[in-house]
Number of protein chains: 2
Amino acid sequence: MQPRIVEVRQGVLKKNDLLARELRQRFRAAGVYVVNLVSSPGAGKTALLEATLRGLQPEHRVAALVGDLATDRDAQRLGRSGARVRQITTGTVCHLDAEMLDAALADWDLEDLDFLFVENVGNLVCPASYDLGEDLRAVLLSVTEGEDKPLKYPTIFNGADLALITKIDLAEAAGFDREEALNNLNEVRPGIEVRETSARTGEGMAAWLERLRELARGSRRAPAPLKAE
Amino acid sequence: MQPRIVEVRQGVLKKNDLLARELRQRFRAAGVYVVNLVSSPGAGKTALLEATLRGLQPEHRVAALVGDLATDRDAQRLGRSGARVRQITTGTVCHLDAEMLDAALADWDLEDLDFLFVENVGNLVCPASYDLGEDLRAVLLSVTEGEDKPLKYPTIFNGADLALITKIDLAEAAGFDREEALNNLNEVRPGIEVRETSARTGEGMAAWLERLRELARGSRRAPAPLKAE
């Protein structure tokens, strides 16, 4: 049975990659910068995103798609920022894929947006395999999760463009070893850019927002990609 | 393509259920009580398990199987408790299954054990679908993850026999709303037994160990199951 599963899985991933490539071209043509946030459940994606959506407005036009197995709690919470937000509920599926994004964006005009954030399903395994056509994949690691997570879930950390160490206001209470976390991130993904934030106290948020603006400007100056990377 | 995937998935799950039933009969015949620990990455499974293995010895004979995508860090850490421990590395697979357990236990004599703990891969989605033949499935929810996790990952909470709220020493620093967490657990799994622990301070650990002993005694008095539940 094993070879058949592998074959089906490769078919699914190939189909996703083709659609992700189309999405990436549409995003680039519309001038919208797309960020895919991935992490464990409870690492603070929604809190970070809420602060990010508030911080980028009104200067920038922002929106978010939020993936969860069940409930539209995150969309309700994020909607209070004033940004356009849509929930994607995946049922029993442990990740978002390009087809889900494509369907959720069907009646949105991407030209109206500067930034689109995608909050993936909380999971350190499945989302690693699905390209969503994003410009930036940011992986969150909260100080309460343990410094060893990059070593134990190498694929998702290796596939990320940037790591955010979150909940840094809890670092001392949690006994967080910052050096060890940075070493582990660098072991799995040498030279990965790391930002440290607390959505609760606001520490590090201004620098994170400025970095996003800078990345978006760089992306708009670059030529549109001919094919998915 | 979709129907073919569903069909393959059902085939995999059915095969797993049959093997889990066999494992359950072997565990029961050997008089070993088996606990499957599931949670997000970083919810504190290893810390709880380390304290549990230490607390049950030398009175009881204990062992653990530990699942991770990569590294044998947890097995090394748990092995320091003096218990027999074996790491299962799953590569890119987001859960343990009955076949992996069966292979890992091949050269172990189950009659030598009173308790066998299985630390699943950190994931709130995939492990829900895989019966491992365990007596007790315990789901961990740490106070730093957010009270809404049971609502957002209902399948794994609904499939658990017992919930452990972990890291309670961090409850105040994290702004944990205990009532809301308990309400959400009860909404998804009415009447679920809840234990609250801190492996760091030891709070709640004695009660948890006593409950495990009690459950194991009850299981040994019960007749062996004729088929998987």
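User: How many salt bridges are there between chain A and chain B?

Analyst: This is a predicted model. The count between chain A and chain B is four salt bridges.

User: What makes the pair Lys152(A) and Asp74(B) a salt bridge?

Analyst: The rule asks for a side-chain nitrogen of Lys or Arg within 4 Å of a carboxyl oxygen of Asp or Glu. Lys152(A) and Asp74(B) have N to O at 2.8 Å. The pair therefore qualifies as a salt bridge. Side chains of opposite charge can pair when their charged atoms come close.

User: Which helices of chain A supply at least two residues each to the side that touches chain B?

Analyst: They are H1 (2-30), H3 (73-79), H5 (149-152) and H7 (171-174) of chain A. H1(A) gives the most, with six residues. By class, this side of chain A has 18 nonpolar, ten polar and twelve charged residues.

User: How do you know that chain A and chain B are in contact, and how many residues take part?

Analyst: Contact requires heavy atoms within 4.5 Å. By that test, 40 residues of chain A are in contact with 40 residues of chain B. The two chains bury about 3300 Å² between them, with 58% of it on carbon and sulfur atoms. Pro41(A), Arg73(A) and Lys152(A) supply 18% of the area that chain A buries against chain B, more than any other three residues. Across the interface there are also twelve residue pairs in polar contact.

User: What is the strand order of the sheet in chain B, and why are S3(B) and S7(B) placed at its edges?

Analyst: Seven strands form an open sheet in the order S3-S2-S4-S1-S5-S6-S7, with parallel pairing. S3 (84-89) and S7 (193-196) of chain B each have a single partner strand, so one side of each is left without a neighbour in the sheet. Neighbouring strands are turned by 20 degrees against each other on average, direction ignored.

User: What makes S5(B) and S6(B) a strand pair?

Analyst: Pairing takes at least two bridges. Five bridges join S5 (136-142) to S6 (162-166) of chain B, and the two run parallel. In S6(B), Leu164(B) is the bridge partner of Leu140(B).

User: Which strands does helix H2(B) touch?

Analyst: H2 (45-56) of chain B packs on the sheet and touches S1, S2, S4, S5 and S6 of chain B. Its direction makes about 170 degrees with that of S4(B). Helix H9 (205-221) of chain B lies across S1, S4, S5, S6 and S7 of chain B, at about 135 degrees to S1(B).

User: How do you know that S2(A) and S4(A) pair in chain A?

Analyst: The threshold is at least two bridges. S2 (62-68) and S4 (115-119) of chain A pair in the parallel sense over five bridges. These two strands therefore count as paired. In S4(A), Val118(A) is the bridge partner of Leu65(A). The chain A sheet is open, with seven strands in the order S3-S2-S4-S1-S5-S6-S7.

User: Why is Arg24(A) with Asp131(A) called a salt bridge, and which parts does the pair tie together?

Analyst: The closest N and O atoms of Arg24(A) and Asp131(A) are 2.9 Å apart. The cut-off is 4 Å, so the label holds. Arg24(A) lies in helix H1 of chain A and Asp131(A) in the loop between S4 and S5 of chain A, so the pair ties together parts that are 107 residues apart in sequence. Over all chains, the count comes to 44 salt bridges.

Technical notes:
Residues are numbered from 1 along each chain as its sequence is written. Chains are lettered from A and ligands numbered from 1 in the order in which they are written. This is a predicted model: local features need pLDDT of at least 70, side-chain atom pairs count only at pLDDT 80 or more; totals for chains, interfaces and linings use all residues. Side-chain values use heavy atoms; hydrogens and water are left out. Buried area is the accessible area (1.4 Å probe) that two parts lose on being put together, summed over both. A polar contact is a pair of N or O atoms within 3.5 Å; within protein, one must be able to donate a hydrogen and the other to accept it, and residues adjacent in sequence count only if both atoms are side-chain atoms. Helices (H or I, at least four residues) and strands (E, at least two) are DSSP runs, numbered from the N terminus. Ala, Val, Leu, Ile, Met, Phe, Trp, Tyr, Cys and Pro count as nonpolar, Asp, Glu, Lys and Arg as charged, and the others, Gly among them, as polar. Axes are lines fitted to C-alpha atoms, for helices over the stretch in contact, and angles run from 0 to 180 degrees between N-to-C directions.
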